[in-house]
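I opened this model to look at strands, a helix and aromatic rings. My notes follow the display.

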Amino acid sequence: MSINNDNETRKYDCSRGCSVEIDPEAGAKCVYRPGCCKLEVYDWLHGMAQGQGGDLFEVRFKNTRKGIYRNTSGQTIHEGDMVIVEAASGHDLGIVTLEGPIVDRQMKARRINPDNLEFKKIYRKAKQFDIDKWQAAVALEEETMIRSRQIALELGLDMKIGDVEYQGDGTKAIFYYIADGRVDFRQLIKVFAEEFRIRIEMKQIGARQEAGLIGGLGVCGRELCCSNYISNFQSITTSAARIQDLSLNPQKLAGQCGKLKCCLNYETAVYMDAQSRIPRVANPLELEDGLAYLMKTDILREVMYFSYDQGSFANLYALPASEVREIIRLNRNGVRPESLKSEPEISAPEFVTAVGDDSISRFDEARKKKHKKKSGGRNHGGEKREAGRHDHRNGSHRSGNNQSQGEN
C-alpha cells in the first residue's frame, strides 16, 4: 500500500519497504526503508567478517515474499541495493535486505541446506530504466486486483483474490487468492490473460497468510505477528484457551483474519507446566467444620480458592496446590484436617497505582509559596498592623508636608 507524503512527488511503498520519489526528468528514485518491511530481520551481526556464504544475499519483494539468491554478477552488492534477479520466466527486481553472516543464520532457521539447494542468481544491480519499468508495473497492481475480483464474481467462482504482485519486468503477475474448496481456473486464466495481457500465476494462501500480506495492528497495539515474524503457522484450537482459563468468546479470541489468535499458543506450554502441579479436585474437601468447594484456581501462582458455601464467592480461602494435594490424600485415608479459617492468608503481590503518572506537569518544579513574616503575637498582631498602617500614612503625610514647606 502506498501512502502519499506532504510532498506530492514522494510516496512510501510499505508493501515493498521503500520510498519512491518521482522526478519527471531523472525518473523514479527508490530508497530502502527497513522499518516498513514485513518479516523484517534485525542484523545483529552487522560489521562481522563474511562467513561461508559470502556470495549469498536475502532479497525481498512485495510484502512477505523474499528469498536467498547467489550473487553471480561480479559486482559489489550491499544491503539496500536494488538488484535484478532470476525468475521462473524473465527477471524480477528486488531489494537486498540481508548480507554477511546473518544470511547463514537465516538459512538455518528456514532449514535450507546450501549444499543441496541450487540458488537463483542475482544478475546485476538495477539500472534506472529497470526501476522505471518496475514502478510502471507496480502502478497497475491495485487496478488489476479490483478488476480480477469483478471477473471472478462474474464467473461465479467461490474465491477471494487478496493481493496481486507484478513481476519486475512487467510480464507476469501473481494472484494470491483464498478459497475453501477446489477452484477451476481454466476459464479464469483465459479471461485474465486476455484482459491483462500478461502471464498469470495463481497462488492459494490461507486467512493467516492474507493477514500477513495486508498487515495491520492487533488489539495489543503491536504489529500483527503474522506480518512481523511468523512464517510457519501452527494449528490453534480452543483447547489452548481452555488451558489458560480464558473465556471462550469468539469475538475476543479471534484475530483480524477471523481465525483464533496466534498468540494463544505463546503461553500454552507455561500453563500446561503449571497445571501439571495442580491436583484435580473432583469432590469437595472434607474438613472438621464441613465441606469446602473449589471455586476458582490461579494457575500461574498455583493457588486454589475454596468456599464453604458452594453458591457464593464472598468468603474464599486460598490454599497452595501442594497443600490441597495433601488434604486430598488425607481424605482418602479417612482423615479430616483442620478448618480453613485457621489457615494464614496468602499474601498477594502489592499493587501500585499509576494514577497521576500521566500528568503533563509532573516533571515541573513545584513553586515555593512565599510566606510573609508576621509581626507581633496572635492577639496584638492586628492592632500592630493597623498601627503600622497609620504610621505609614502619617509618615507619608509628614513627608508631603515637609516637601510643601520646603517649596514654600
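**Helix and strands.** I started with helix α1, residues 101-109, in this predicted model.

**Barrel.** Next I traced the sheet. I found a closed barrel of five strands in the order β5-β6-β9-β7-β8, and the pairing is mixed. Neighbouring strands in this sheet are turned by 55° against each other on average, with direction ignored.

**β5 and β6.** Strand β5 covers residues 56-60 and strand β6 covers residues 66-71. They pair in the antiparallel sense, over five bridges. Which residue of β6 is the bridge partner of V59? I found G67 there.

**Aromatic pairs.** I searched the whole structure for ring pairs and got six. One of them is F61 with Y69, edge-to-face, at 6.0 Å centre to centre and 70° between the planes. I checked burial too: F61 and Y69 are both buried. Another pair is Y177 with F185, also edge-to-face, with 4.9 Å between centres and 70° between the planes. Y177 and F185 are each buried. I also noted a cluster, in which ring pairs link F175, F192 and F196.

**Charges over rings.** I went back to F61 and looked above its ring. The charged end of R65 sits over the F61 ring, 4.2 Å from the centre. I logged K296 as well, which lies over the face of Y305 at 4.9 Å from the ring centre.

Note on methods:
Residues numbered from 1 in each chain as written. Predicted model: local features only at pLDDT ≥ 70, side-chain atom pairs only at ≥ 80, totals over all residues. Heavy atoms only, no water. Phe/Tyr/Trp six-rings, centres within 6.5 Å; stacked < 30°, edge-to-face > 60°. Buried < 20%, exposed > 50% of the residue type's maximum accessible area, 1.4 Å probe, protein only. Lys NZ or Arg CZ within 6 Å of the ring centre and 35° of its normal. Pairing = 2+ DSSP bridges. Helix = DSSP H or I, 4+ residues; strand = E, 2+ residues; numbered from the N terminus. Axes fitted to C-alpha atoms, helices over the stretch in contact; angles between N-to-C directions. Contact = heavy atoms within 4.5 Å.
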